[in-house]
Amino acid sequence: MFSATLQLHPAFTVGTVERRLFGGFVEHLGRHIYGGIYEPGHPTAGPDGFRRDVVGLVRELGIAHVRYPGGNFVSGHDWEDGVGPVDDRPRRLDLAWHSIEPNEVGLHEFSDWLDLVGADLMLGTNLGTRGTREALHLLEYANVPDGTARADARRKNGREEPFDVRMWCLGNELDGDWQIGAKTAEEYGRLATVTARAMRAIDADLELAACGSSWRGMPTFGVWERTVLEHAYDQVDYISCHAYYHEEDGDAASFLASGVDMDDFIESVVHTIEHVRAVKNSKRRIDLSFDEWNIWYQDANEIDTTSWPVAPRLLENQYSVTDAVALGGLLISLLKHADRVKAANLAQLVNVIAPIMTEPGGPAWRQTTFFPFAATSRLARGTALRGVLDAPALGTAKFGDVPAVDAVATLDGDRAAVFVLNRSLAETATFAIEGLDPTGPVRAHGIWDEDRHAKNTLAEPERVRLRENTAITRAGSAVTIELPPISWTCITFGGER
Ligand code: AHR
């Protein structure tokens with residue numbers, strides 16, 4: 001047993017919690033679209049082929065916007081293949097995932113699905129095999145109301161009103177040699193700049209994200225961001241960050257400290273942005289779009305390069321309680337940086353490294369990681385507060401000493417929420433929250449289990465759920481709660497939404 005304290009004050013404001021922090025990501029990859037969100041003939045499918053059981057779970061997850069259509073997929077994708085009469089659409093080789101792309105779902109269908117789940121579209125352009133010209137064509141097709149060939153083609157294809165896509169990704173991970181059309185930072189920085197400038201000639205108010213490094217372990221990390229921004233600083237609004245974590249060789253202590261790495265990653269990119277801003281003597285502000293983040297075990301269903309299947313089982317990770325707790329810690333890291341992380345996308349959404357799983361013709365269920373995401377999306381509102389945390393140090397092999405507890409709070413009028421992670425593998429934390437002056441009910445829910453490896457599976461889809469933590473007491477304005485080892489908890493003050 002150990003003690004930790006979080007001191008809060010409403011003036012300790014970090015920044016507004018944007019709804020866009022709770023974005024998802026849907027890529028044409030494995031069974032994400034075909035056999036995931038889209039399965040004509042499934043008992044719950046509507047006439048449009050979209051599974052309504054999945055729609056219900058995505059709504060419950062609380063996804064505000066969705067990045068689409070990739071990922072690695074977008075770097076070899078021709079958007080025109082996915083519009084027009086479905087029967088006329090081509091089947092194509094998808095080189096990124098060694099699959100056949102049938103193009104039954106494209107921009108129109110996906111936008112209809114977004115209406116069902118109540119989320120906005122964040123659209124990716126192909127800057128791998130294609131360039132500025134095709135990005136402009138897509139923008140014209142998507143956003144120009146009428147009176148041009150491409151806008152009128154969209155109307156003829158059944159969509160009278162423009163899609164009016166606000167946020168765009170200028171390519172994907174173009175620093176990576178696995179990426180079709182990979183580029184040097186100079187090449188990409190120049191391409192992103194001219195593409196962004198031309199896109200703004202059509203619509204000046206677009207929000208544009210340039211690719212940052214595909215992960216912070218890239219040898220070019222830092223130099224890539226600096227070089228891209230030296231070119232594109234005046235034309236883009238965001239630089240992207242991508243990060244995936246996993247438990248290696250049973251080292252749960254390091255894994256549960258992944259948020260420390262994410263904190264450092266975010267702060268390094270912010271410093272790089274500010275360096276370029278200083279050199280340019282610019283007043284312009286660039287923020288982070290953390291448009292891919294999750295837990296990912298890369299040995300699950302890797303690509304079979306001997307065949308070209310449609311919708312194979314790829315990247316179908318099954319997540320444990322420990323994974324869910326670590327993911328809750330990553331959400332805490334994002335909230336602690338709400339001043340600079342203005343959009344983020346859990347990668348991905350259904351079947352592919354996903355919080356939601358489906359079985360063909362069968363049920364859909366929530367993975368363990370579903371719960372901290374859904375609760376944070378529902379309860380983290382208003383402004384993020386960074387408290388003063390007093391917690392003992394915990395030794396980790398990867399990150400050295402880290403605080404045994406991590407926490408962040410959000411404040412929204414007379415409601416507040418505190419999100420907290422107990423990283424200890426064996427010890428309960430007595431955690432005191434001071435300074436919130438709570439009125440109304442105080443409740444706590446979280447993820448922990450006697451078996452940290454427990455999972456939700458097709459055979460046992462409800463083995464793990466959000467649990468109520470009743471070991472909570474109030475004394476004046478202080479609240480104290482017992483946090484089990486390896487746990488993620490959300491404590492709400494003043495009632496829940
Ligand atoms: O999310 C899976 C893949 O991870 C994406 O396609 C790619 O952008 C990243 O490397």
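**Around the ligand**

Colleague: Which residues are around the ligand?
Modeller: This is a predicted model. Around the ligand sit Phe25, Glu27, Gly71, Asn72, Trp97, Asn172, Glu173, Tyr244, Glu292, Trp296, Gln348 and Ile353.

Colleague: How does that shell divide into nonpolar, polar and charged?
Modeller: Five residues of the shell are nonpolar, four are polar and three are charged.

Colleague: How far is the polar side-chain atom of Asn172 from the ligand oxygen?
Modeller: The distance is 3.0 Å.

Colleague: And what about Glu173?
Modeller: An N or O atom in the Glu173 side chain is 2.7 Å from an oxygen atom of the ligand. For Gln348, a side-chain N or O atom is 2.9 Å from a ligand oxygen.

Colleague: How much of the ligand does the protein bury?
Modeller: The ligand exposes 280 Å² when taken alone, and the protein buries 95% of that.

Colleague: Which pocket is the ligand's space?
Modeller: The ligand takes up the space of the largest pocket.

Colleague: Is Cys241 buried or exposed?
Modeller: Cys241 counts as buried, because its relative accessibility is 0%.

Colleague: What is the relative accessible area of Cys490?
Modeller: The value for Cys490 is 3%, so Cys490 is buried too. The cut-off for buried is under 20% relative accessible area.

Methods:
Residues are numbered from 1 along each chain as its sequence is written. This is a predicted model: local features need pLDDT of at least 70, side-chain atom pairs count only at pLDDT 80 or more; totals for chains, interfaces and linings use all residues. Side-chain values use heavy atoms; hydrogens and water are left out. A residue is near a molecule or strand if one of its heavy atoms lies within 4 Å of it. A polar contact is a pair of N or O atoms within 3.5 Å; within protein, one must be able to donate a hydrogen and the other to accept it, and residues adjacent in sequence count only if both atoms are side-chain atoms. Accessible areas come from the Shrake-Rupley method with a 1.4 Å probe; for residues, only the protein chains shown count as cover. On a 1 Å grid over the protein atoms alone, a cavity is a set of points where a 1.4 Å probe fits but cannot get out, and a pocket is an open set with protein on both sides within 12 Å along at least five of seven lines; lining residues have an atom within 4 Å of a point. A molecule sits in a cavity or pocket if more than half of its atoms lie within 2 Å of its grid points. Ala, Val, Leu, Ile, Met, Phe, Trp, Tyr, Cys and Pro count as nonpolar, Asp, Glu, Lys and Arg as charged, and the others, Gly among them, as polar. Buried means under 20% relative accessible area, exposed over 50%, partly exposed in between (1.4 Å probe, protein chains only).
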